[in-house]
Amino acid sequence: RDKLVTGVQTCALPILIVVILAIVTVQQTAVSLVRERELGTAEQLTVSPLRRGELMLGKLLPWTVLAFVDLAVISALAVWVFGVPLRGDPLVLAAGAALFVFCCLGMGLVISAVAPSVDVANIAALLLTFLPAFLLSGFVFALNQIPVVLQWISMAFPARYMMAISRGVFLKGAGWAELWPEFVGLGIYAVVALTAASLLFSRRTR
């Protein structure tokens, strides 16, 4: 029984990194920005002397820092408290987490740009992060055992790629050579999401 519990913890804890990072970055970014718009704070900041890039950096930096603090805390608890082996290079995990955070921030910005209210932003963020992180990332079901259509749909969510990186680094000792396709997927997703968010915010500002 103890071995079974240990095995479950070993498999689940690296996956929780993905879920927590996604929820913190996407949901909080989307909800906070929509709330600012409802309160009129966003319009006041828009007419301030701050440049658009400085304004966006100020909005995203706190959630980025919080995400990396969460990553460090969860990884430390996993290794030192629950005894989950960290067989790979922590730098590979950190690089993957950085790209994943950029993807999630882009998703949060897109949601905040199109959501009309905080409630809509909250629900949309959960639907686009929490459910895919569990159902379409390989956590609940192995990706090679779900229908091909769902396998293709899972590629539209960054949790799939980060799940492979987290599992690979923690449990398999995988490095750059094994995980480069996931890094490419996250990089492309981050560029597309942040570009779309920038265009949507520029249109809303006008």
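My entries follow, by topic.

**Ground rules.** I worked on a predicted model, where local features need pLDDT of at least 70 and side-chain atom pairs count only at pLDDT 80 or more, while totals for chains, interfaces and linings use all residues. Residues are numbered from 1 along each chain as its sequence is written, and side-chain values use heavy atoms, with hydrogens and water left out.

**Cavity.** I looked for cavities on a 1 Å grid over the protein atoms alone, a cavity being a set of points where a 1.4 Å probe fits but cannot get out. Points are joined across faces, edges and corners, and a volume is the space filled by probe spheres set on the points. I found one cavity of 30 Å³ or more; the volume of the largest cavity is about 50 Å³. Its lining (residues with an atom within 4 Å of a point) includes A22, F100, M107 and F157. I took helices as DSSP runs of H or I, at least four residues, numbered from the N terminus. α1 (2–39), α4 (90–114) and α5 (118–135) each give at least two lining residues, and α5 has the largest share with four. I sorted the lining into 11 nonpolar residues, one polar and no charged.

**Second largest pocket.** A pocket is an open set with protein on both sides within 12 Å along at least five of seven lines. The second largest pocket holds about 350 Å³ of space. It has 16 lining residues, and L143, R160, A164, R167 and E182 lie nearest its centre. Two or more lining residues come from each of α7 (159–172) and α8 (176–205); α7 supplies the largest share, eight residues. I noted nine nonpolar, three polar and four charged residues in this lining.

**Core.** I joined buried Ala, Val, Leu, Ile, Met, Phe, Trp, Tyr and Cys residues through side-chain atoms within 4.5 Å, buried meaning under 20% relative accessible area. The largest nonpolar core has 51 residues, and L21, F100, I111, M162, I165 and L179 have the most contacts inside it. Of this core, α4 supplies the largest share, 12 residues. I then listed the contacts of M162 (heavy atoms within 4.5 Å): beyond four places in sequence they are V18, L93, G96, A97, F100 and L186.

**Aromatic pair.** I searched the whole structure and found one aromatic pair (ring centres within 6.5 Å). W176 is partly exposed at 47% relative accessibility (the class between 20% and 50%), whereas F183 is buried at 11%.

Terms used:
Nonpolar A, V, L, I, M, F, W, Y, C, P; charged D, E, K, R; others polar. Phe/Tyr/Trp six-rings, centres within 6.5 Å; stacked < 30°, edge-to-face > 60°. Buried < 20%, exposed > 50% of the residue type's maximum accessible area, 1.4 Å probe, protein only.
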